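Keep the structure open as you read.

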Amino acid sequence: MLSIFGLILSLDTLPRPVEFKEVEARPADVFVWLAKQPFPSPVLELPLGELDDNRAMLHETWHRQPIVNGTNGFFPPGHLRFQRDAARFPDADAIRTLLEARVRYVLIDAVAAWGRSVAAG
């Protein structure tokens, strides 16, 4: 039994290819503007989702405002309800949830949320 555990552990530590994603080299104007706003000005970036939340965490390094989305492997109580409600923005329940969380700004990436046709049109 111990040898099986050792085998599994050693397989888990084998090197794997790393997938790199290209990220923006400079912050967009909205993040420069947001960095100049009074601190703290909590921010929600939409859409929500693992890749989108990772992007929001990158953007936070530019504007330095607290964000209410992101990922770290731990979901505090009420987080899943918060995400469910926030994802329905501008629904009344979403706005109520965001006000309760003291979110000041909601940034929407139209291309990520609705596709390239919206951004082009």
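Arg81, Phe82, Asp85 and Ala86 of α4 touch Asp93, Ala94, Thr97, Leu98 and Glu100 of α5. By type, the residues of this contact split into 4 nonpolar, 1 polar and 4 charged. The model is a predicted one.

How do the two helices sit against each other? Two packed helices are described by the angle between their axes and the distance between the axes. For α4 and α5 (residues 92-100), the angle is about 130° and the axes lie 8 Å apart. Angles over 145 degrees would count as roughly antiparallel, and 65 to 115 as roughly perpendicular. The pair α4 and α5 is therefore oblique. Their crossing is left-handed.

Now follow Leu98. Leaving aside neighbours within four places in sequence, Leu98 contacts Leu44, Phe82, Ala86, Phe89, Val103 and Val106. Leu98 also belongs to the largest nonpolar core. That core has 6 residues: Leu44, Leu46, Phe82, Ala86, Leu98 and Val103. Two elements, β1 (43-46) and α4 (79-86), each supply two or more residues to this core. A second core is separate and has 5 residues, including Phe31, Leu34, Val43 and Leu107.

Step back to the whole chain. What is its secondary structure? The protein chain has 7 helices and 2 strands. Along the sequence, the order is α-α-β-α-α-α-β-α-α. Of its 121 residues, 24% count as buried. Among contacts in the protein chain with a separation of 6 or more, 64% come from residues 24 or more positions apart.

Definitions and conventions:
Residues numbered from 1 in each chain as written. Predicted model: local features only at pLDDT ≥ 70, side-chain atom pairs only at ≥ 80, totals over all residues. Heavy atoms only, no water. Core = buried A, V, L, I, M, F, W, Y, C linked by side-chain atoms within 4.5 Å. Buried < 20%, exposed > 50% of the residue type's maximum accessible area, 1.4 Å probe, protein only. Helix = DSSP H or I, 4+ residues; strand = E, 2+ residues; numbered from the N terminus. Contact = heavy atoms within 4.5 Å. Axes fitted to C-alpha atoms, helices over the stretch in contact; angles between N-to-C directions. Parallel < 35°, antiparallel > 145°, perpendicular 65-115°, else oblique. Left-handed = near helix turned anticlockwise from the far one by under 90°. Nonpolar A, V, L, I, M, F, W, Y, C, P; charged D, E, K, R; others polar.
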